Amino acid sequence: MAGVNGDRKGKKDDNGIGSAIDFVLSNAKLVLGVGGAAMLGIATLAVKRMYDRALSAPSSPTKANQSGKRSWEEPSWLGSSPRTLSRDMKQNVSRSLQTLPTSSNSFKPDYLRRAVGRDGSTSKADLQRARLRLSLLEHLWAFFNERVAIPAEEQAMAKRAALDICAELRVFLHAKLPDMPLREMYLSGSLYDDLQVVTADHAQLMVPMVLEKNLWSSIPGEDTIMNVPGFWLVRRENLEYFPRGSSYWDRCMVGGYLSPKSVLEVFEKLVAGSINWPAIGSVLDYVIRPVVPSETLTLEVQYETDRRLYVDFLPLLVMEDGVSLIAKPHRLAAERHENLWRQSFRVAETAKLRALDQEDGGCRGVCLKVAKAVCKLNPALTRLNASQLTNAILLLSEREGDWTQEALADRFTQLLRTLVGHLEAGTLPSALNQKVNLFCELTPHEIDELGYTLYCSLSDPESLLRTV
């Protein structure tokens with residue numbers, strides 16, 4: 001650098017360009033740090049020497065170096081007119097300075113740049129953290145490929161088994177109860193959203209019920225004395241004009257409200273009590289049996305010697321305002337809130353997550369699947385469900401914009417911190433309805449256990465991958 005800032009005596013008038021270069025170099029260390037300033041000095045030194053030699057070039061070719069030899073420092077335009085040289089060199093110097101890197105971080109590998117501070121300094125601790133982050137990224141992708149992702153063949157076999165069960169139930173219900181007002185049943189769930197992890201072992205059979213618009217109305221849970229956002233009451237209307245019995249579903253009415261518990265009991269008698277599943281299973285080459293006990297009506301289907309599929313039978317109400325309600329009781333207060341229908345946000349949550357990833361090519365879906373697999377394979381985390389993890393990622397997306405594939409390690413660690421924070425507060429608001437607390441069905445003890453497990457993993461997130 002001393003050679004760059006050496007004596008300028010005897011130089012021609014350079015219109016301030018040389019002084020500008022000297023000023024940039026003398027302050028480069030303050031801006032870029034030692035490493036960046038050195039690289040900038042080397043590049044600029046070559047440009048400056050060419051510029052100085054151009055300005056000091058003789059006006060006549062006869063005054064040129066008589067030896068006829070040129071060193072690597074000699075400009076190729078030696079012997080041209082001084083006026084032309086000055087104008088061309090100003091453009092070249094300006095162009096060279098503009099293309100030079102403005103930060104010492106430009107000379108570092110991509111995965112280490114984040115470890116460098118604004119002053120260009122890099123501590124051993126920063127470099128160590130960067131290497132750990134790279135190691136976590138590699139382990140996350142290895143875990144995703146080896147444990148999380150489900151082979152396409154296994155998914156296809158599970159979908160075929162679910163479709164066979166759906167077809168049998170559809171035929172049976174139409175034949176047994178042709179007057180039951182139902183829309184066409186369909187299969188749903190993470191298996192059909194490409195969000196199922198580890199094994200293809202779960203599907204949902206949605207059974208849309210038809211309600212008369214003038215006989216039933218929905219009331220949000222927060223507007224009732226129970227004050228349970230995310231759950232709804234379905235009230236019978238106009239009994240004075242349309243007495244009990246006017247609607248098919250009046251038989252499931254309790255205290256003036258349509259009871260999901262009573263609806264499930266009706267279907268349970270049909271599905272679990274009336275259908276000869278052993279006979280159907282022998283025809284399909286499956287072993288089929290109802291799961292008892294179960295929060296909902298669930299069938300276990302063994303379609304291979306070592307492969308089982310659980311199919312949830314879920315009655316569904318789609319109200320006039322588009323709200324989807326399913327007959328799945330409140331986990332902690334099923335007896336006290338037996339008339340409450342659960343609002344389902346799954347379709348909207350999945351669509352929003354997918355739209356965000358399609359918009360920026362992000363890794364939210366991958367991050368969700370890794371988190372789901374960790375919770376599924378770690379006994380201490382099984383109480384965290386897909387909806388809670390999905391909403392935690394959606395809320396994190398509102399304040400974090402970098403969801404590139406290379407940022408998976410950072411976002412996964414940030415997701416753990418986010419969950420710990422929400423568990424500490426005891427609340428996780430839905431990204432689609434801030435009134436809904438997605439932790440309302442966890443006991444205080446469960447919240448403490450989940451928070452403790454995740455908090456312990458913050459210092460070593462890879463431990464969550466090793467314990468499964």
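Q: Which ring does the charged end of Arg251 sit over?
A: In this predicted model, the charged end of Arg251 sits over the ring of Tyr248, at 3.8 Å from the centre of that ring.

Q: And what about Arg236, which ring is under its charged end?
A: That ring belongs to Trp216, and the charged end of Arg236 lies 5.7 Å from its centre.

Q: Back to Tyr248 for a moment: which aromatic cluster is Tyr248 in?
A: Tyr248 forms one aromatic cluster together with Trp249, Phe267 and Phe313.

Q: How many aromatic pairs turn up in the whole structure?
A: A search of the whole structure finds four aromatic pairs. One of them is Trp141 with Phe144, whose ring centres are 5.9 Å apart and whose planes stand at 80°, so this pair is edge-to-face.

Q: Why edge-to-face for that one?
A: Because its planes are at 80°, and an angle over 60 degrees counts as edge-to-face.

Q: Where do Trp141 and Phe144 lie?
A: Both belong to helix H4, which covers residues 124-148, and they are three residues apart, about one turn of the helix.

Q: How are the rings of Trp249 and Phe267 arranged?
A: Trp249 and Phe267 make a tilted aromatic pair, with 6.4 Å from centre to centre and 40° between the planes.

Q: Which parts does that pair tie together?
A: Trp249 is in the loop between strand S4 (231-236) and strand S5 (253-254), while Phe267 is in helix H6 (residues 260-274), so the pair ties together parts that are 18 residues apart in sequence. Both Trp249 and Phe267 are buried.

Q: Changing topic, what volume does the largest pocket have?
A: Its volume is about 1800 Å³, and its lining is made up of 50 residues, with His202, Gln204, Lys328, Asn385 and Ala386 nearest the centre of the pocket.

Q: Which helix gives the most to that lining?
A: Helix H10 gives the most to the lining of the largest pocket, namely five residues. Among the other elements that each supply at least two residues are strand S2 (202-208), strand S9 (307-318) and helix H8 (346-360).

Q: How many of the lining residues are nonpolar, polar and charged?
A: The lining of the largest pocket divides into 19 nonpolar, 18 polar and 13 charged residues.

Note on methods. Residues numbered from 1 in each chain as written. Predicted model: local features only at pLDDT ≥ 70, side-chain atom pairs only at ≥ 80, totals over all residues. Heavy atoms only, no water. Phe/Tyr/Trp six-rings, centres within 6.5 Å; stacked < 30°, edge-to-face > 60°. Helix = DSSP H or I, 4+ residues; strand = E, 2+ residues; numbered from the N terminus. Buried < 20%, exposed > 50% of the residue type's maximum accessible area, 1.4 Å probe, protein only. Lys NZ or Arg CZ within 6 Å of the ring centre and 35° of its normal. 1 Å grid on protein atoms, 1.4 Å probe; cavity = no way out; pocket = protein on both sides within 12 Å on 5 of 7 lines; lining within 4 Å. Points joined across faces, edges and corners; volume = space filled by probe spheres on them. Nonpolar A, V, L, I, M, F, W, Y, C, P; charged D, E, K, R; others polar.
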